[in-house]
Amino acid sequence: MAKDPLDEMIQFLKPQARIDLKHIALDHLLGLSGTEDGINVLLKNEKIIQSIIELTNDKVDEINKNALLLLVNVTANTTGASEIIKYKPSYKNVIEIFIGYVLDQQKKDADAVCMILSNITRQENIVEECLDSFMPHLNDLLNVFVNLDYNKKGSKLHYLAPMFSNLSCSPRIRKWLTEENPYVPLLKLLPFCNYEQSVILRGGVIGTIRNLSFDTKYHDFLLSNDLELLTYLLSPLMGNEDYPDDEMDKLPIALQYLPKEKQRDADVDIRKMIIETLNQLCAQRKGREILRDNGVYYVLRENHKWEKDPNILLACENVVDILIQKEDEVGAEDLTTVEIPEDMTEKFQKMDEEYINSVK
Amino acid sequence: MSDKTETNKKAPMTDVERLALCQKLDEELDDFINSLEKKRYTDGWPEDRWEEEMDKHPFFMKSVPKDGELSPLAEGLAKLKYDPEENTPLELANSYKEDGNFNFKHKNYRLALLGYTEGIKVRCDDADVNASLYNNRAAAHWYLKNYRSALLDSEKALTFDPKHNKARTRAANSAFEAKKYDTCIDHCQKLLESKNDKEVVELLNKAKKSKMVQERDERKKGRSDAKRNEDKDELIKTIIKRGIKISKCDDEDDIDLSKLEPTLPGAHDAIVHIEDGVLMWPILFLYPEHQMTDFIKGCPENVPLIRQLQQVFPAPWDAEGKYMCNNVNVYYEGYDKMPHIVDPNENLGDILVSKYFELKGGTAAFFILPRGSVIERNYIECHI
């Protein structure tokens, strides 16, 4: 069996190795992790990965940082992510170690840790596997997330948002998000839908809501009065456009008579996710009625006039089409239960493509 | 010298003799008392009215007598209670507090205010007493619906005792009534830190909702104000663009809505405005012969003046039918103080920019005289 050249490195990566040697070795490996092939090479050597994980807790900040960045690259790769979670350097597994870093107020480069967690959770099969490691720490992670000044070493921890979004693919997480324990986690996340300083954070929170909306059993909860979901969801879609008084009165109070400076969210993906969420909320009759009562149609109408992206225009029209109809025209209590024959699906897809191309 | 010592030594009394002596003294006393005049005791309260009398006595009175007059004894007692020389500040403060509480219980809130205020003025050192005084005064203000004062006093109480939840609750409620929703929300949240109270949660939600409505109303007002200003600016801009000369305006920057305000009584809502890009002016027709006038609102600038004349002719005061569209001359008084004739077939807007035309009182004024008449000649001559 050919000796793995990386084996030689291992001695330089030991915690007690000389600092400058550690640096050089780690730098080299970091460079290696920049390519897909490089990652595959790394993954073949268990001991290397183990050493790197241990180096994330090194006394020297620079070593920490490089080790973490290396892991960010590795976990961005799908195989990398599945491999990493198998490691259990001490009595804690890798996930628990990383969560521990996030909860450590003094941890430098905690942002990299958040990126790692976000990468790992991106794959649904992995989420289910490591869910048990996450569950006990969910409330703590949420508290850390909403506390904007939590990390004292300059990390903003914004990447926790996409992590939550990824986690919400799991039914257990969705249950946690929507139950009082002692408060409802989603309530704490909602205000961040409008957090202007970070697209990542906004996107993650809105993504979480979008995932929730795919599960019809949470629609009643999502559209309940105290949540004021529509206030947060519609705001990024609204600028300073004028509505006639009777339309204005139907909008949620916080969205009425917005000031001149108000602008729509500049990020295309975010706008798309919001409209997809609205689309999902139209599945049931109750949802449709609530959306109509809150003037969602008017907002989408104005948005359609302003929007340039063809995909979003299509998504917008889809929702408008549903809302514009009267209930008897819609024809189904719960649209998710309607069966669509395969040939129709193909036909619809083709129509969509044509529309998108025509708008471009 | 003769020594005669009397050794009249008395023998000690025996018990029998002592007893006999006591009896004799008792009898003598009885005889004496019986010999005194018999008089009835009249100084006390009469038996049938003793409760009434008791109520009047300052020691026992339960309320101030209706005429407000206190007997000297009562006054003296009162003075004693409130005398700063007889009492320590703490005692004084407590006395005033009791006084306030007494009135409060009887729903005399204004009197209660006075009592508490005096207690506060004492400025005793005890934080609890001061907190109590302010809290109670806040309560009195609350029932008098002085919500701002109730809020101020509640918060003052909290400076002496930050854990005084009753005061904080009152502060929250007063803030709500005074429409200071942020303050209310703040107090509610502090209250909920120590105890999860359903009523406080309700108040918090009510305040949040009211705050949202208040903010919405402010935005709405801001918008309509902005629109009004925009319209005003648009109007002024349009008038400037037309090049109409406005009286009392030295240059374009001088023009504002006040100078365009019609000065005639009852004409306030006739001020010039824009409709679909067309200026609509108020017009005044003057008929010197008959000392009559016609005031017409909203005349479009792009319509000939003669249309307006057609509206008013034949006039009710014109019995002879002398004033018809085709036999009158129309004049305006220019800024040179001279009359100038206009062609009524011209559009109003064009007439307004005539060489000597100056708009006074935001109204276009025209003098109407029968063509070739004596009146007309007189009118022209008196200007020269």
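**A close look at Leu278(A)**

Guide: Leaving aside residues up to four places away in sequence, Leu278(A) touches Leu230(A), Leu233(A), Leu234(A), Leu237(A), Leu291(A), Val296(A), Leu300(A) and Val319(A), where contact means heavy atoms within 4.5 Å. This is a predicted model, in which local features need pLDDT of at least 70 and side-chain atom pairs count only at pLDDT 80 or more, while totals for chains, interfaces and linings use all residues. Residues are numbered from 1 along each chain as its sequence is written, chains are lettered from A in the order in which they are written, and side-chain values use heavy atoms, with hydrogens and water left out.

Leu278(A) is among the residues with the most contacts inside the largest nonpolar core, which has 108 residues, the others named being Phe134(A), Leu160(A) and Leu300(A). Such a core is a set of buried Ala, Val, Leu, Ile, Met, Phe, Trp, Tyr and Cys residues joined through side-chain atoms within 4.5 Å, buried being under 20% relative accessible area with a 1.4 Å probe, protein chains only. A second, separate core of 38 residues includes Trp281(B), Ile306(B), Val330(B) and Leu359(B).

Turning to the interface, twelve residues of chain A are in contact with six residues of chain B. One salt bridge is found across this interface, a term that requires a side-chain nitrogen of Lys or Arg within 4 Å of a carboxyl oxygen of Asp or Glu. Arg223(B) pairs in a salt bridge with Asp242(A), their closest N and O atoms lying 2.5 Å apart.

Key. Buried means under 20% relative accessible area, exposed over 50%, partly exposed in between (1.4 Å probe, protein chains only).
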